[in-house]
Amino acid sequence: MTQDAIKIEALKKTYAGSKAAAPKDALRGIDLTIPSGSIFGLLGPNGAGKSTLINILAGLVLKTSGKVSIWGFDQDVNPRQSRAAIGVMPQELNLDPFFSPREALDVQAGLYGVPKGDRRSDEILELVGLSDKANAYARTLSGGMRRRLLLGKALVHHPHILVLDEPTAGVDIELRQMLWANVRKLNEQGMTIVLTTHYLEEAEEMCDEIAIINHGEVVARDSTAHLLGSIDRKTMIIEPDAPTGVFAAPRGIDVSVDPKGALRLSYRASETSADAVLEAVRGAGITIRDVRTEQADLEEVFLELTRSR
Ligand code: ADP
Ligand code: MG
């Protein structure tokens, strides 16, 4: 049975203002369903509302209005079950400095009411690569180790859904690869993964589906493949037979010459045909030796959708 892992309807969050700050509409009516079994990416520029959304899912921030169901449980009707279905690795490193990793996992398991016999601390420590630090004080752990411990804590109650808020921001390549290997493994075992990341390449590589949030609204939500296919701006790269400079092209075609001497012609596919671009090049007296197009990447989709209008 495929079910929605998470269903969000008309979700709004306004942070109350203070003397120093006006009230802030962080979420302005989010509708979003996240299918079970997927690796789902939540992307958006800084301040878009990603952490607010995730913290509402985690039960750490109170929503202003709207409905959130996690694994079929309405947060307001079945708060305990909905909380049990989800594990969240927060963006901030909030660890108690006096607990060892093993103790921290134990405390977390206690909070979630996991019976002693069902606790798998050793397995989790192994998974996140902290077995040899099991009894060290948290304050003696490196930043990377703390992050791994946070991942471990998110897993103690065996949630159906794992949510990671910027898990790889500012971490080294080795830890990043380890995190992603873990995430893939958990997903293969059936866990639904929701993550936010700044690294669009990472999202492109990891995520089956993506939602892009801007100013507290969902501006796109599609499979990664579809999103990449949807970009309107295309670039044609032409190798001229003889060195050439920039020429005056018809409106809608931007011409530049790259360091290797190839012409880069950028245009909107909805407004200009590839044929018209080639025509413009020939019209400028240029003989075409080779031609290729550049595939849009998520970065372009992202910029196109979040550019302020
Ligand atoms: P993101 O995670 O996408 O960077 P956030 O959810 O952290 O975005 O923030 C969304 C907006 O809400 C931002 O404008 C931010 O300044 C504001 N915000 C976040 N947390 C609070 C808070 N506790 N009080 C007031 N405003 C907040
Ligand atoms: Mg954030």
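This is a predicted model: local features need pLDDT of at least 70, side-chain atom pairs count only at pLDDT 80 or more; totals for chains, interfaces and linings use all residues.
Me: Which residues line it?

Reply: The second largest pocket, with a volume of about 280 Å³, is lined by Arg120, Glu123, Ile124, Leu127, Leu155, His158, Pro159, Lys185, Leu186, Gln189, Gly190 and Met191.

Me: And which element gives the largest share of that lining?

Reply: Helix H4 does, with 3 residues; H4 spans 121–127, and both it and helix H6 (173–188) supply at least two residues of the lining.

Me: His158 is on that list. What about its phi?

Reply: Phi of His158 is near 50 degrees, which is a positive value in a residue other than glycine. Most residues other than glycine have a negative phi. His158 sits in the loop between H5 and strand S7 (161–165), and with a relative accessibility of 34% it counts as partly exposed.

Me: Where does Ala10 lie, and what is its phi?

Reply: Ala10 also belongs to a listed element, strand S1, which covers residues 4–15, and its phi is near 45 degrees, again positive in a residue other than glycine. Because its relative accessibility of 41% falls between the 20% and 50% limits, Ala10 counts as partly exposed.

Me: Switching to the largest pocket, what is its volume, and which residues are closest to its centre?

Reply: Its volume is about 430 Å³, and of the 21 residues that line it, the closest to its centre are Ala58, Leu60, Val88, Pro90 and Asn94. By class the lining divides into 9 nonpolar, 8 polar and 4 charged residues, and at least two residues each come from helix H1 (50–57), strand S6 (86–89), helix H3 (101–111) and helix H5 (143–155).

Me: Last topic, the metal: what coordinates the magnesium ion?

Reply: The magnesium ion, ligand 2, is coordinated by Ser51 through OG and by Gln91 through OE1, at 2.1 to 2.3 Å. Ser51 lies in helix H1 and Gln91 in the loop between S6 and H3, so the pair ties together parts that are 40 residues apart in sequence.

Technical notes: Residues are numbered from 1 along each chain as its sequence is written. Chains are lettered from A and ligands numbered from 1 in the order in which they are written. Side-chain values use heavy atoms; hydrogens and water are left out. On a 1 Å grid over the protein atoms alone, a cavity is a set of points where a 1.4 Å probe fits but cannot get out, and a pocket is an open set with protein on both sides within 12 Å along at least five of seven lines; lining residues have an atom within 4 Å of a point. Grid points are joined across faces, edges and corners, and a volume is the space filled by probe spheres set on the points. Helices (H or I, at least four residues) and strands (E, at least two) are DSSP runs, numbered from the N terminus. Ala, Val, Leu, Ile, Met, Phe, Trp, Tyr, Cys and Pro count as nonpolar, Asp, Glu, Lys and Arg as charged, and the others, Gly among them, as polar. Donors are N, O and S atoms within 2.8 Å of the metal (3.2 Å for Na, K and Ca); water is not among the atoms, so sites may look incomplete. Buried means under 20% relative accessible area, exposed over 50%, partly exposed in between (1.4 Å probe, protein chains only).
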